[in-house]
Amino acid sequence: MSLRELQRIAREGGTPVVVVDHAVIRRNYAAFRRHLPRVQVYYAVKANPEAAIIRTLYRAGASFDVASLPEFMLVYEYIRDLAPGEQQAFIWDKIIYANPIKPRETLEALDRYKPLVTYDNLEELRKIKAYAPHAGVVLRLRVPNTGSLVELSSKFGCDPAEAVALVKAALDLGLGVEGLSFHVGSQCTNFENFVQALNMASAVLNESRSRGHAIPILDIGGGFPARYHRDVPSVAVLARKINHEIDRLFPKDIQIIAEPGRSLVATAATAVARVIGKARRDGRPCYYIDDSVYHTFSGIIFDHGRYPLQAFREGPREICAVFGQTCDGLDTLSLSEELPDLEIGDLVYAKNIGAYGSASATRFNGFAPARVVHIHE
Ligand SMILES: *Cc1c(COP(=O)(O)O)cnc(C)c1O
């Protein structure tokens with residue numbers, strides 16, 4: 001999307017605004033499929049749950065990874081409404097519910113859809129049996145998350161040594177074990193995490209098969225890195241490693257799926273905000289904009305993100321601080337941004353803010369989340 005287009009959108013409809021470019025989403029999806037042809041994509045809706053994004057990815061051929069009942073219903077109802085009146089008899093090929101911990105009420109509500117759900121412990125398995133006995137289950141393994149931006153291995157995943165026993169426990173309860181999954185941590189740039197995880201998963205699948213239970217699905221999770229800057233290796237480099245391991249370790253009859261979130265949407269959105277205040281403190285220019293870390297820039301807090309601000313105006317740059325619109329001190333976008341001298345009313349923008357940005361925006365301090373504009377749908 002061009003700078004001129006961003007300015008036009010901000011001028012016409014006002015700020016703060018997040019502009020989502022669907023041509024970029026389609027390109028990211030196509031690149032993923034091209035580089036990992038054996039892997040079906042289940043887009044992780046929590047990265048950005050905009051209905052328009054679900055539509056674009058569905059049309060491109062994607063399936064979906066949901067992690068709450070509202071996310072499940074969002075996708076389910078979208079698919080159902082495409083074919084009204086038609087009962088969605090089999091949804092595993094379109095939706096996986098990949099949150100290993102689920103409230104009883106959620107399981108109860110999901111059961112009628114015969115969902116595919118993940119688990120990583122015995123308590124959860126008993127709960128699934130009691131409240132969603134028609135579910136198929138996928139066991140989540142704990143795998144190394146070394147060096148990933150967001151670490152998940154202390155929160156989810158069974159010890160690999162317990163995995164085969166947990167498969168057996170599910171079978172003993174009369175539940176079908178349909179898959180094995182893992183997540184290497186979000187924004188994983190240490191590709192050895194994937195290599196190790198694939199080898200661990202292969203060992204579990206082999207042992208389980210040798211005991212008479214073949215598990216048909218391998219779910220390699222999310223974590224595929226977004227190219228926030230040039231030094232992030234491309235999908236192509238990671239795909240070479242993954243393809244090599246999956247061809248070596250997993251027979252062709254094992255269906256392989258992945259749950260990329262960030263890598264499909266991060267680079268597709270740009271935030272545009274307006275300078276609403278200006279001061280000089282301790283000799284340094286300070287700008288206040290009409291967005292905040294409680295809103296579009298929430299990834300700074302929740303996602304360890306960095307979203308460098310850029311000006312549309314030219315001019316000599318100076319180190320400055322940029323703050324959000326709220327009255328909280330935590331609401332600091334940057335203490336060392338390099339921007340030209342800006343006037344109140346000027347626009348600034350930040351790229352690569354499509355994942356875990358507006359998705360985790362709040363209404364703190366009475367400010368509504370930014371408007372979202374979709375282009376090239
Ligand atoms: C959040 C999440 C994802 C998406 O992860 P990304 O790092 O954004 O690709 C995938 N699977 C599960 C289970 C998740 O919780």
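**Reading helix contacts and aromatic pairs**

Tutor: Welcome! Let's start with a contact: Pro160, Ala163, Val164 and Val167 in helix 7 meet Met200, Val204, Glu207 and Ser208 in helix 8. Keep in mind that this is a predicted model.

Student: Which classes of residue make up the contact of helix 7 with helix 8?

Tutor: Six of its residues are nonpolar, one is polar and one is charged.

Student: At what angle do the axes of helix 7 and helix 8 cross?

Tutor: The axes of helix 7 (residues 160-172) and helix 8 (residues 192-210) cross at roughly 35° and come within 10 Å. As for handedness, helix 7 passes helix 8 in a right-handed crossing.

Student: Helix 8 also packs on helix 9. How do I read the angle at which helix 8 and helix 9 cross?

Tutor: Compare the angle with a cut-off: under 35 degrees counts as roughly parallel. The axes of helix 8 and helix 9 cross at roughly 15° and come within 10 Å, and the two helices are therefore roughly parallel to each other. This crossing is right-handed.

Student: Which residues make the contact of helix 8 with helix 9?

Tutor: Helix 8 contributes Glu192, Phe194, Val195, Leu198, Asn199 and Ser202, and helix 9 brings Leu238, Lys241, Ile242, Glu245, Ile246, Arg248 and Leu249. By class, there are seven nonpolar, two polar and four charged residues.

Student: Now the rings. How many aromatic pairs does a search of the whole structure find?

Tutor: The search finds 11. In general, a pair of aromatic rings is described by the distance of the centres and the angle of the planes. For Phe32 and Phe224 the centres are 4.9 Å apart and the planes stand at 80°, so this pair is edge-to-face.

Student: Where do Phe32 and Phe224 lie?

Tutor: Phe32 is in helix 2 (residues 22-35), while Phe224 is in the loop between strand 8 (217-219) and helix 9 (235-249), so the pair ties together parts 192 residues apart in sequence. Both Phe32 and Phe224 are buried. Together with Phe194, they form one aromatic cluster.

Student: What kind of pair do Tyr294 and Phe364 form?

Tutor: A tilted one, 4.0 Å centre to centre with 35° between the planes. Tyr294 sits in the loop between strand 11 (284-289) and helix 11 (299-302), and Phe364 in the loop between strand 15 (347-350) and strand 16 (371-375), so parts 70 residues apart in sequence are tied together.

Student: Is Tyr294 buried or exposed?

Tutor: The cut-off for buried is under 20% relative accessible area. Tyr294 has 17% relative accessibility, so it counts as buried. Phe364, at 34%, counts as partly exposed.

Technical notes: Residues numbered from 1 in each chain as written. Predicted model: local features only at pLDDT ≥ 70, side-chain atom pairs only at ≥ 80, totals over all residues. Heavy atoms only, no water. Axes fitted to C-alpha atoms, helices over the stretch in contact; angles between N-to-C directions. Helix = DSSP H or I, 4+ residues; strand = E, 2+ residues; numbered from the N terminus. Left-handed = near helix turned anticlockwise from the far one by under 90°. Contact = heavy atoms within 4.5 Å. Nonpolar A, V, L, I, M, F, W, Y, C, P; charged D, E, K, R; others polar. Phe/Tyr/Trp six-rings, centres within 6.5 Å; stacked < 30°, edge-to-face > 60°. Buried < 20%, exposed > 50% of the residue type's maximum accessible area, 1.4 Å probe, protein only. Parallel < 35°, antiparallel > 145°, perpendicular 65-115°, else oblique.
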